[in-house]
Each structure stands twice: as C-alpha cells, then as structure tokens.
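Dear colleague,

Please find below the structure that I am handing over to you.

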Amino acid sequence: MTAPVPVTLAAGQARTRLHELTVIDVRTPGEFASGHLPGALNIPLDAVERALPEIRHAAERGDVLVVCASGARSGNACRLLAEHGIPTATLAGGTGAWSAEGHDLQQPAGRAPRATWSMERQVRFTAGTVVLLGLALGLLIHPAFLFLSAGIAGGLVFSALTDTCGMAVMLAKLPHNRPRAADLDAALARLRSR
C-alpha cells in the first residue's frame, strides 16, 4: 500500500469546503486559543501519534484538513499521517494566510483569549536571548561561552536546511504550551463522534 499524498488547499478553497472538513489544528493550546479556523479541534503536533485512531476514524467519514500557523507543522503532521495511511490536506500558509485573506478566526468558547506568542516567535526570542547571553558571557567571563552562540547559529542553519526545529519541540513541552488533559480528551472524543 502506498502512502496517500497530502493535498494542499488554499484558504479560499478550504473556506468553501469548511462545512465538510474535519479541521485539526496542530499548534500549541496557547496559539490555538489566540484564534483558529471555525470548528477546528486542537491536537498539538506532539499528540498526533496518540490521536491516530481518532484521526483515522474521522478520515474514514470525510476529508481531514490539518492546519498550523504557517503550514510547516501541519505539513509535518500530514506526512506522519500519510505514513500511517491516513489521507489529509494541509492549509497553504496556515492560519496566517487564512486571516490575511480576511476570513474570521474563532476564539474558544467561554474563555478570554490568551496572549500567547506563536511558536515561531517563541523560538526567535529564545534563540536571540541565548545568542546574546553567549556573546555577553564570552566577552565578560570566558571566550569559551562564544560556543553557545555558535551552537545556536548552527542549530538555526540545520533547522532551515531540514525544515525541522528542535528548539520548537523543546519549547512545546513547556507548561504554557501543553494542552490540559481534559481539553485533549474532549478533542479526541469529538473526533470519535464524527
């Protein structure tokens, strides 16, 4: 059996089909709470493998659209799902493109929007802080600390070449980026009921 090839939908295409799609948002809960496609379910990227049975169940009943902020994480999720024989589509440009085309983003019901930075912004902030710290410590304490800055620079180059981000994986494990167990369980239950 060959793995299904993920399809890419433009924001306009996704909008016209939104009523028939199961939308899975693989961003962190904080990013999801800042605004998501109407009706989207939050299954963070690192929880996708746990959700395979539920996603397979939803895909058997209709098309699944996987979204993130820009399309990189949803592309990774689609490749993972394809490896398990689950056909999916990804949203070109993610929620950023969706919003830029003037489509509304939904806020979680009953909750005030959280002021959480996107994962990309968290990575840029963390990388910049570590680089500056390495430079300062290298100048003030010992030149060996400059290797800290060099390590981050090397990691950023590797990240760009492989389209992966180890720092984002690590930051996703921080408490403010983790889903509450009840929220993830509720999203999985909604997938099972589709």
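**Findings**

Val64 is placed in strand β4, which covers residues 64–67. The model is a predicted one, and all that follows should be read accordingly. With a relative accessible area of 2%, Val64 is buried. Apart from neighbours within four places in sequence, Val64 is in contact with Thr22, Ile24, Ile55, Ala58, Ala59, Pro87, Thr88 and Ala89. For Pro87, 23 residues away in sequence, the C-alpha to C-alpha distance from Val64 is 7.4 Å.

**The chain as a whole**

The protein chain contains 9 helices and 5 strands. Read from the N terminus, its elements follow the order β-α-β-α-β-α-β-α-β-α-α-α-α-α. The C-alpha trace spans about 60 × 45 × 35 Å along its principal axes. Of the 194 residues in the chain, 40% are buried. Among contacts with a separation of 6 or more, 69% are between residues 24 or more positions apart.

**The largest pocket**

The largest pocket may be of particular interest to you. Its volume is about 750 Å³. The lining comprises 29 residues, and those nearest the centre of the pocket are Ala72, Arg73, Met119, Cys165 and Ala168. By class, the lining divides into 13 nonpolar, 8 polar and 8 charged residues.

Which helices supply at least two residues each of this lining? They include α4 (72–83), α6 (119–140), α7 (146–162) and α8 (166–171). The most is given by α6, with 4 residues.

**Helix α6**

From its first C-alpha to its last, α6 reaches 31 Å over 22 residues, which is close to the 32 Å expected at 1.5 Å a residue. Its buried residues are Met119, Gln122, Val123, Ala127, Gly134 and Gly138. Seen down the axis of α6, these buried residues fall within an arc of 125°, so they line one face of the helix. That buried set packs against α2 (29–33), α4, α7 and α8. On the other side of α6, the exposed residues are Arg124, Leu132, Leu139 and Leu140.

**Helix α7**

The end C-alpha atoms of α7 are 24 Å apart, in agreement with the 24 Å that its 17 residues should span at 1.5 Å a residue. Ser149, Ile152 and Ser159 are buried in α7. Viewed down the axis of α7, its buried residues fall within an arc of 80°, so one face of the helix is lined by them. The elements that cover these buried residues include α6 and α8. Phe147, Val157, Phe158 and Leu161 are exposed on the other side of α7. Just after α7, Asp163 takes a positive phi of about 55°.

The C-alpha atoms of Ala72 and Ala92, 20 residues apart in sequence, are 9.3 Å apart in space.

Asn76 also has its place in helix α4. Asn76 is partly exposed, at a relative accessible area of 26%. Its C-alpha atom is separated by 9.8 Å from that of Val66, which is 10 residues away along the chain.

Thr95, by contrast, is found in helix α5 (residues 94–100). Its relative accessibility is 6%, and because the cut-off for buried is under 20%, Thr95 counts as buried. Leaving aside neighbours within four places in sequence, Thr95 is in contact with Asp25, Arg27, Leu37, Cys68, Ala69 and Leu105.

Yours sincerely

Key:
Residues are numbered from 1 along each chain as its sequence is written. This is a predicted model: local features need pLDDT of at least 70, side-chain atom pairs count only at pLDDT 80 or more; totals for chains, interfaces and linings use all residues. Side-chain values use heavy atoms; hydrogens and water are left out. On a 1 Å grid over the protein atoms alone, a cavity is a set of points where a 1.4 Å probe fits but cannot get out, and a pocket is an open set with protein on both sides within 12 Å along at least five of seven lines; lining residues have an atom within 4 Å of a point. Grid points are joined across faces, edges and corners, and a volume is the space filled by probe spheres set on the points. Ala, Val, Leu, Ile, Met, Phe, Trp, Tyr, Cys and Pro count as nonpolar, Asp, Glu, Lys and Arg as charged, and the others, Gly among them, as polar. The expected span of a helix is 1.5 Å times one less than its number of residues. Buried means under 20% relative accessible area, exposed over 50%, partly exposed in between (1.4 Å probe, protein chains only). The arc is that of the directions from the helix axis to the C-beta atoms. Contact means heavy atoms within 4.5 Å.
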